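Have the viewer open as you read.

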Amino acid sequence: VHPLDADPAAPPNYGDSFWTTLGVALAPGAVEDAGWAYRIVMLAVAIIGILIVSTIIGVLTSGIEGKLDDLRRGRSMVLEEGHTIILGWSTKIAAAVQELAIANESCRRAVVTILADRDKVEMEEYLAERVSDLGPTEIICRRGDPCDLADLAIVRPGLARSAILFAGEGDDGDALVLKRTLALQRSSEQSGRGCPIVAEVQDHENAVAIARLGNVQIVEPSELVTRVLLQVAREPGLSLVYEELLSFNGCELYFHHDDSLAGHKFGDAAMCLPRTTAIGIVTHSGSKPILNPPSDHVLVEGDRLIVVAADDADISEAR
């Protein structure tokens with residue numbers, strides 16, 4: 001029944017007119033036989049309604065497809081906190097992810113985010129082939145230039161636990177590490193929050209320059225490997241010790257901070273940690289670590305113990 005037929009003397013209200021027009025727009029066959037003038041007007045309304053509905057559907061479809069495309073291309077924002085960031089791509093990245101997965105075995109959930117200028121699917125397939133068991137660790141790959149602040153913001157470095165910078169295999173590896181370090185520093189200045197940075201640098205002079213930026217721990221793999229080779233050449237069995245301590249399989253090195261140990265001697269503090277072995281001290285001043293200090297060395301507030309433990313979960317508070 002047409003709403004205008006309910007009471008011919010009463011003027012149609014807005015609600016009834018809108019409902020009738022909407023019904024015609026969605027179902028043009030609902031046009032009633034009320035003269036050609038009414039038919040022409042309702043036909044125009046139906047055509048306009050179809051155009052409007054099609055436009056709305058097209059906008060929604062395009063928006064959903066855009067979001068899905070961003071997810072496929074690795075351009076969506078990372079929503080994690082306390083995650084580990086790896087910037088750049090390297091042949092060492094699979095070994096790094098495997099070690100991080102082993103280190104996070106005692107965690108309920110851990111996240112490693114990789115930002116590199118590579119296809120997201122290729123990165124995921126590469127890691128899936130080379131990393132055997134991730135355990136509770138989740139790998140998130142994002143595509144972008146780590147030197148670009150807009151791309152860097154995708155992995156939210158201000159909320160990360162730490163950032164790892166690989167030099168890569170090219171001759172400009174150290175220059176890329178420098179640019180990425182500066183980008184992280186700039187990002188931390190804008191957000192007011194930053195994270196510790198560990199950078200791989202090939203050349204010693206470049207390492208000195210990058211270290212001056214602050215909040216950056218430099219690792220020179222060539223120099224480190226040379227020192228290890230020379231020591232192992234003198235003591236062949238030492239390679240097994242290094243392999244045990246420098247990988248997350250078996251026992252590892254940890255820094256342990258406990259304010260209750262301040263004022264105690266190193267020997268007493270070592271006895272307070274029954275499931276670990278204390279081998280040194282990192283002083284609160286940030287100077288060179290002290291290995292095998294005298295047992296009567298007194299700890300002060302801010303000092304951290306260097307301990308060997310099977311896992312970070314075995315490091316308990318001092319008794």
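## The cavity

The largest cavity holds about 50 Å³ of space. This is a predicted model, and the search turns up one cavity of 30 Å³ or more.

Next up is an open space: the second largest pocket, with about 160 Å³. Its lining is made of Leu149, Ala153, Arg156, Pro157, Gly158, Leu159, Ser187, Gln190, Ser191 and Arg193. By class, that's four nonpolar, four polar and two charged residues. Helix 6 is the top contributor to this lining, with three residues.

Is it buried, exposed or partly exposed? Arg156 has a relative accessible area of 25%, which is between the 20% limit for buried and the 50% limit for exposed, so it counts as partly exposed.

## The largest nonpolar core

Which residues touch the most other members of the largest nonpolar core? They are Leu87, Leu152, Leu165, Val177 and Leu184, out of 22 residues in that core. Strand 1, strand 2, strand 4, helix 6 (173–191), strand 5 (197–200) and helix 7 each supply two or more residues. Helix 6 gives the most here, with three residues.

Skipping residues up to four places away in sequence, Leu165 touches Leu87, Val177, Arg180, Thr181, Leu184, Ile197, Val198, Ala199 and Glu200. There's also a second, separate core of 18 residues, with Ala94, Ala96, Ile114 and Phe166 among them.

## Ile210 and its surroundings

Ile210 belongs to helix 7 (residues 204–211). Its relative accessibility is 2%, under the 20% cut-off, so Ile210 counts as buried. Beyond its neighbours within four places in sequence, Ile210 is in contact with Asp174, Val177, Leu178, Thr181, Val201, Val216 and Ile218.

Take Val177 from that list: how far apart are Ile210 and Val177 in sequence and in space? They are separated by 33 residues along the chain, with 8.4 Å from C-alpha to C-alpha.

## Helix 3, mostly under cover

Helix 3 is mostly covered, with nine of its eleven residues buried. The buried ones are Ile93, Ala94, Ala96, Val97, Gln98, Leu100, Ala101, Ile102 and Ala103. What do they pack against? Their partners are strand 1 (84–87), strand 2 (110–116), helix 4 (120–130), strand 3 (137–143) and strand 4 (162–165).

Gln98 is a member of helix 3 (residues 93–103). With a relative accessible area of 16%, under the 20% limit, Gln98 is classed as buried.

## One aromatic pair

A search of the whole structure gives one aromatic pair. Trp89 and Tyr126 make up that pair in an edge-to-face arrangement, 5.2 Å centre to centre and with 70° between the planes. Trp89 lies in the loop between strand 1 and helix 3 while Tyr126 is in helix 4, so the pair ties together parts that are 37 residues apart in sequence. Both Trp89 and Tyr126 are buried.

## Another positive phi

Finally, have a look at Asn292, in the loop between strand 9 (290–291) and strand 10 (304–309). Its phi is positive, near 50°, in a residue other than glycine. Is Asn292 buried or exposed? Its relative accessible area is 67%, over the 50% mark, so Asn292 is exposed.

Note on methods
Residues are numbered from 1 along each chain as its sequence is written. This is a predicted model: local features need pLDDT of at least 70, side-chain atom pairs count only at pLDDT 80 or more; totals for chains, interfaces and linings use all residues. Side-chain values use heavy atoms; hydrogens and water are left out. On a 1 Å grid over the protein atoms alone, a cavity is a set of points where a 1.4 Å probe fits but cannot get out, and a pocket is an open set with protein on both sides within 12 Å along at least five of seven lines; lining residues have an atom within 4 Å of a point. Grid points are joined across faces, edges and corners, and a volume is the space filled by probe spheres set on the points. Helices (H or I, at least four residues) and strands (E, at least two) are DSSP runs, numbered from the N terminus. Buried means under 20% relative accessible area, exposed over 50%, partly exposed in between (1.4 Å probe, protein chains only). Contact means heavy atoms within 4.5 Å. Rings of Phe, Tyr and Trp (its six-membered ring) pair if their centres lie within 6.5 Å; planes under 30 degrees apart count as stacked, over 60 as edge-to-face and the rest as tilted. A nonpolar core is a set of buried Ala, Val, Leu, Ile, Met, Phe, Trp, Tyr and Cys residues joined through side-chain atoms within 4.5 Å. Ala, Val, Leu, Ile, Met, Phe, Trp, Tyr, Cys and Pro count as nonpolar, Asp, Glu, Lys and Arg as charged, and the others, Gly among them, as polar.
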